[in-house]
Amino acid sequence: MNIFTISYKNLKAKPLSAMLNLVLFATGIFIISFLLLIKNQFESHIEKNIAGINLVVGAKGSPLQLILSSIYQVDYPTGNIKLADAEKLKRNPLVKQTIPLAMGDNYQGFRIVGTNHDYAALYKGIVDIGGLWKNDFDVTIGAKVAETASLKIGDHFSGIHGFMAEGGDKHDEFKYIVTGIFNETGTVLDQLILTNISSVWQIHSHHHHHHDGDADDDEGEEHEETAGSPHHEEMDTTREITSLLVFYRNPMGAISLPRNINKNTNMQAASPAIEMNRLYSLMGIGIQSVNLIAYVIILISGFSIFISLFNSMKERKYELALMRVMGGGKTKLFTIIILEGILIAVGGFTIGFVFSRAGILFISGYAESNFHYSMGNLFNAKEDLLLLLTSIGVGLLASLLPALKAMRTDISKTLSE
Amino acid sequence: MGPSGCGKTTLLHLMAGLLRPTKGTVSVNGIDISSLTQSQTDQVRGRQIGIVFQRPHFIQSLTVSENLRIARYMNGQKLSKQEITELLNKLKIGSKVHSKPNELSQGELQRLAIARAIINKPSVILADEPTSSLDDAHCVDALNLLRQQAEHTETALLIVTHDQRLLPFFSNIIQLNSVKQ
């Protein structure tokens with residue numbers, strides 16, 4: 001027997017009212033905790049994939065689209081840029097390093113990206129089995145690709161035009177061969193099939209050739225088209241890539257480079273940091289308003305705890321007086337009532353906390369198959385602790401008045417009634 | 001002994017330290033409880049005084065055994081299972097250990113109230129109208145029980161009542177009269 005059991009039994013004696021308070025509190029915590037998780041996962045995902053890239057240069061269009069397509073590999077590319085232009089940019093003294101990207105095909109929904117080995121190094125991709133691509137049509141695949149598409153070293157496969165698993169033309173003439181598999185990195189690399197740029201060019205020049213033979217030419221619609229002009233394959237001046245990832249040599253680059261590119265070339269430059277901030281601020285309003293609703297729910301639940309405790313004080317007046325008669329001090333009675341409020345709050349917190357994690361795990365299972373994104377860690381010590389402290393605070397506040405009332409019970413008067 | 005409204009209960013509450021005297025002192029076992037602090041009074045009352053009230057009230061959310069245990073816990077002592085079983089068996093409600101108070105009959109509640117009053121081995125048992133709601137047979141039962149337990153534990157027993165049926169059983173009787181103002 002201790003104070004804790006007394007409080008607990010008192011709550012248990014009124015299961016319906018306790019349940020209502022618990023459910024209300026848990027709902028509020030669930031929403032807040034869930035949003036917090038989503039937000040954190042999203043931000044860490046965004047952060048991880050930016051991986052220090054200062055600028056993305058691609059064809060003119062939406063800057064956000066350029067970032068989404070070239071860094072996160074989710075949206076369609078804005079178009080192509082000339083390899084010669086990209087090479088020129090590489091020689092700019094403000095530029096430390098560039099990584100070219102050429103894309104346009106997929107295998108089972110996983111994008112095939114032509115690039116160089118720096119791209120793998122950028123995401124700290126360590127080859128688990130086999131090695132990095134060496135020759136044309138060698139590919140090194142991300143961990144998730146290997147798992148989902150069940151590809152092994154030495155497997156052959158042909159890409160499908162576009163970014164959808166179905167519906168595009170199959171490039172049957174050229175078969176890729178898996179030469180390596182990356183370890184899981186928790187970045188976009190896990191979802192990619194990497195090869196050299198030349199492979200992408202070859203496949204698409206053939207592809208174009210093939211189509212050129214057709215009477216009805218439908219080349220124009222392929223805005224995500226990557227390959228160079230089919231008729232001048234050997235000429236570097238007409239070679240094209242999808243985009244170029246740029247790293248500045250020094251902060252000066254941020255000032256002049258993007259403006260220069262956007263103004264003086266037919267390419268556009270987009271900063272991942274700026275575009276992602278723009279995206280955050282758009283989403284922020286939605287998240288904030290849902291958050292607000294959740295806090296209102298917690299407030300209501302706190303009020304409901306207060307009312308049930310306050311009401312029960314009337315019925316329990318005699319019991320409280322009895323405890324005093326038995327030698328229980330005023331502080332003991334005070335603590336018992338406060339503890340009842342806190343028990344509900346902490347109980348509600350625990351339920352909401354557990355359910356939000358379960359919800360995230362459920363969604364992440366769903367998201368991994370559909371959007372190719374895995375959810376990482378489920379705990380954020382600082383924010384979780386803050387939420388727990390807030391809960392305890394609400395429980396404390398809600399039970400404060402009833403507890404004071406319990407403490408002030410006039411024993412003699414109550415007992416002689 | 002005395003008519004309604006003459007201040008019997010007030011006197012009992014004063015003796016139990018539930019009320020503070022405006023004049024004079026109240027001593028329990030040599031301790032002047034009227035000069036102690038509130039929490040010290042609570043302690044002394046919990047350990048030295050067992051009280052049986054007119055209507056047997058219990059904490060409804062706790063079981064019979066928990067209601068006894070809380071009487072000990074409230075003044076910082078522990079109670080073993082064995083003590084509870086022995087006491088409840090002696091009072092013939094041993095089978096109700098795990099029942100809730102609202103599942104007990106009036107007579108059983110009365111016995112449980114006595115059990116609670118003596119659980120801390122107090123130096124004095126104060127009973128406030130313990131028999132007023134009982135019929136003749138139960139009245140005698142309850143009275144005998146109180147007396148037995150008091151004698152058994154060598155505890156002083158003081159009953160406040162207007163119940164004339166109790167008169168023949170006691171040697172020391174204090175008569176209170178209401179003062180007409």
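Four elements, namely α10 (317-325) of chain A and α2 (38-48), β3 (49-52) and α5 (106-118) of chain B, each supply at least two residues of the lining of the largest cavity, where helices (H or I, at least four residues) and strands (E, at least two) are DSSP runs numbered from the N terminus. A cavity is a set of points, on a 1 Å grid over the protein atoms alone, where a 1.4 Å probe fits but cannot get out, and its lining residues have an atom within 4 Å of a point. This is a predicted model, in which local features need pLDDT of at least 70 and side-chain atom pairs count only at pLDDT 80 or more, while totals for chains, interfaces and linings use all residues. Residues are numbered from 1 along each chain as its sequence is written, chains are lettered from A and ligands numbered from 1 in the order in which they are written, and side-chain values use heavy atoms, with hydrogens and water left out.

The largest cavity has a volume of about 130 Å³, a volume being the space filled by probe spheres set on the grid points, which are joined across faces, edges and corners. Of the 14 residues that line the largest cavity, Met326(A), Ile49(B), Gly50(B), Ile51(B) and Arg116(B) are the closest to its centre. The largest share of this lining, three residues, comes from β3(B).

On the chain A side, α10(A) is mostly covered, with eight of its nine residues buried, that is, under 20% relative accessible area with a 1.4 Å probe and protein chains only. Those buried residues include Tyr318(A), Glu319(A) and Arg324(A). After α10(A) comes Gly327(A), whose phi is positive, near 105 degrees.

The second largest cavity holds about 40 Å³ of space, and among the residues that line it are Leu14(B), Arg20(B), Val26(B) and Thr41(B).

Elsewhere in chain A, strand β3 (residues 95-107) is also mostly covered, since 11 of its 13 residues are buried. Six bridges join β3(A) to strand β12 (residues 243-248) of chain A in an antiparallel arrangement, and two strands are said to pair if DSSP finds at least two bridges between them. Leu101(A) has Ser243(A) as its bridge partner in β12(A). Strand β4 (residues 110-114) of chain A also runs antiparallel to β3(A), joined by five bridges, and in the hairpin of β3(A) and β4(A), which has two residues between the strands, Gln108(A) takes a positive phi near 50 degrees.

How values were computed: 1 Å grid on protein atoms, 1.4 Å probe; cavity = no way out; pocket = protein on both sides within 12 Å on 5 of 7 lines; lining within 4 Å. Buried < 20%, exposed > 50% of the residue type's maximum accessible area, 1.4 Å probe, protein only.
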